[in-house]
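Here are a few friendly notes to read alongside the model. Have the viewer open as you go through them.

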Amino acid sequence: CLQVAGNGYRVLFDYSNVVEHHPTNPAYSGGREGDLQTKIYNAAFNRAFVLAKHSRARYRGVRLAYLLSVGTVGTPGLMGFIVATARFGKARRELRILRQTLVHTVAGWRAGTHARIGK
């Protein structure tokens with residue numbers, strides 16, 4: 001959608017369309033088991049990359065701050081870490097996930113910023 005809009009087109013959503021997702025890769029199942037690189041860290045990198053590359057200058061700082069301070073349960077920032085710990089337990093594991101998620105978020109942000117400048 002960001003590429004389409006960036007090329008001057010409009011994206012229209014029809015909320016009456018039903019979308020059914022059928023994940024085929026067990027790496028994306030819920031929980032904290034499995035390959036965390038695929039499940040969590042790649043997602044954190046990719047989200048940060050896309051936001052850094054396609055966000056307008058006035059929104060970039062706020063979006064990076066949101067990723068690092070809030071995040072989601074799946075790719076936690078500081079607040080997401082608290083929710084994830086309450087949901088999944090094992091605070092030590094969640095702290096490790098938080099640390100790596102922040103590292104991958106910053107790396108994705110840098111790569112997205114570099115790709116933006118390279119345009």
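1. A word on terms before we start: a residue is called buried under 20% relative accessible area, exposed over 50%, and partly exposed in between. Please also keep in mind that this is a predicted model.

2. With that scale, F49 has a relative accessible area of 24%, so F49 is partly exposed. F45 comes out at 27% relative accessibility and therefore also counts as partly exposed. Both phenylalanines sit in helix α2 (residues 36-54), four residues apart, or about one turn of the helix.

3. How many aromatic pairs are there? The count comes to two. F45 and F49 form a stacked pair, with 6.4 Å centre to centre and 15° between the planes.

4. Leaving aside neighbours within four places in sequence, H104 is in contact with Q37, Y41, A44 and F45. Is H104 buried or exposed? Its relative accessibility is 15%, so H104 counts as buried.

5. Helix α5 (residues 91-117) also meets helix α3 (residues 57-69): their axes come within 10 Å and cross at roughly 165°. Angles over 145 degrees count as roughly antiparallel, so α3 is roughly antiparallel to α5. The crossing of the two helices is right-handed.

6. Which residues make this contact? From α3 they are A57, R60, R63, L64, L67 and L68, while α5 supplies L102, T105, V106, W109, T113 and R116. Sorted by class, the contact of α3 with α5 has seven nonpolar, two polar and three charged residues.

Notes:
Residues numbered from 1 in each chain as written. Predicted model: local features only at pLDDT ≥ 70, side-chain atom pairs only at ≥ 80, totals over all residues. Heavy atoms only, no water. Axes fitted to C-alpha atoms, helices over the stretch in contact; angles between N-to-C directions. Parallel < 35°, antiparallel > 145°, perpendicular 65-115°, else oblique. Left-handed = near helix turned anticlockwise from the far one by under 90°. Contact = heavy atoms within 4.5 Å. Nonpolar A, V, L, I, M, F, W, Y, C, P; charged D, E, K, R; others polar. Buried < 20%, exposed > 50% of the residue type's maximum accessible area, 1.4 Å probe, protein only. Phe/Tyr/Trp six-rings, centres within 6.5 Å; stacked < 30°, edge-to-face > 60°.
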